[in-house]
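Colleague: Hi! I'm new to this one, could you walk me through it?
Modeller: Happy to, let's have it on screen while we talk.
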Amino acid sequence: ETIQTDIILSGRLVHSNHSGDRVVKEGDVVVHTEYEPHAYMAIEASEMVSMCKGVRIGEDYSKDTYKLEKPLI
């Protein structure tokens with residue numbers, strides 16, 4: 001039920017979601033809508049800030065996540 005916004009601060013990562021894989025880099029902003037499976041894999045040393053709006057905070061983090069039967073990456 002949470003919307004997640006990720007800002008890539010440095011480096012490069014492979015971002016995977018229902019649309020496929022793409023490379024994201026410094027300055028890119030990635031928004032994940034509710035119930036959207038997604039994953040990242042670093043290609044090089046990277047930093048990102050992840051912000052969430054919804055119920056995924058603090059001790060309730062895992063209540064708003066689920067494990068995929070088959071990993072995206």
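Modeller: One term before we start: two strands pair if DSSP finds at least two bridges between them. Strands are DSSP runs of E with at least two residues, and helices are runs of H or I with at least four residues, both numbered from the N terminus. This is a predicted model, where local features need pLDDT of at least 70 and side-chain atom pairs count only at pLDDT 80 or more, while totals for chains, interfaces and linings use all residues. Residues are numbered from 1 along each chain as its sequence is written, and side-chain values use heavy atoms, leaving out hydrogens and water.

Colleague: Great. Which residue stands opposite Leu13 in β3?
Modeller: That is Val24. Strand β2 (residues 12-17) is antiparallel to β3, and six bridges pair them.

Colleague: What order do the strands of that open sheet have?
Modeller: The order is β3-β2-β5, three strands with antiparallel pairing. At the edges are β3 (20-25) and β5 (38-42); each has a single partner strand, so one side of each has no neighbour in the sheet. On average, neighbouring strands here are turned by 25° against each other, direction ignored; the axes are lines fitted to C-alpha atoms, and angles between N-to-C directions run from 0 to 180 degrees.

Colleague: What holds strands of a sheet together, by the way?
Modeller: In general, they pair through backbone hydrogen bonds, either parallel or antiparallel.

Colleague: Back to the chain. How many helices and strands are there?
Modeller: Zero helices and six strands.

Colleague: And where do β4, β1 and β6 go?
Modeller: They form an open sheet in the order β4-β1-β6, with antiparallel pairing. Here β4 (29-32) and β6 (47-53) are the edge strands, and because each has a single partner strand, one side of each lacks a neighbour in the sheet.

Colleague: How many bridges join β1 to β6?
Modeller: Seven, with β1 covering residues 3-10 and running antiparallel to β6. As an example, Ile8 has Met48 in β6 as its bridge partner.

Colleague: New topic: how much of the chain is buried?
Modeller: Of its 73 residues, 22% count as buried, meaning under 20% relative accessible area with a 1.4 Å probe, protein chains only.

Colleague: And what are the spans of the C-alpha trace?
Modeller: Along the principal axes of the protein chain, about 30 × 25 × 20 Å.

Technical notes. Buried means under 20% relative accessible area, exposed over 50%, partly exposed in between (1.4 Å probe, protein chains only).
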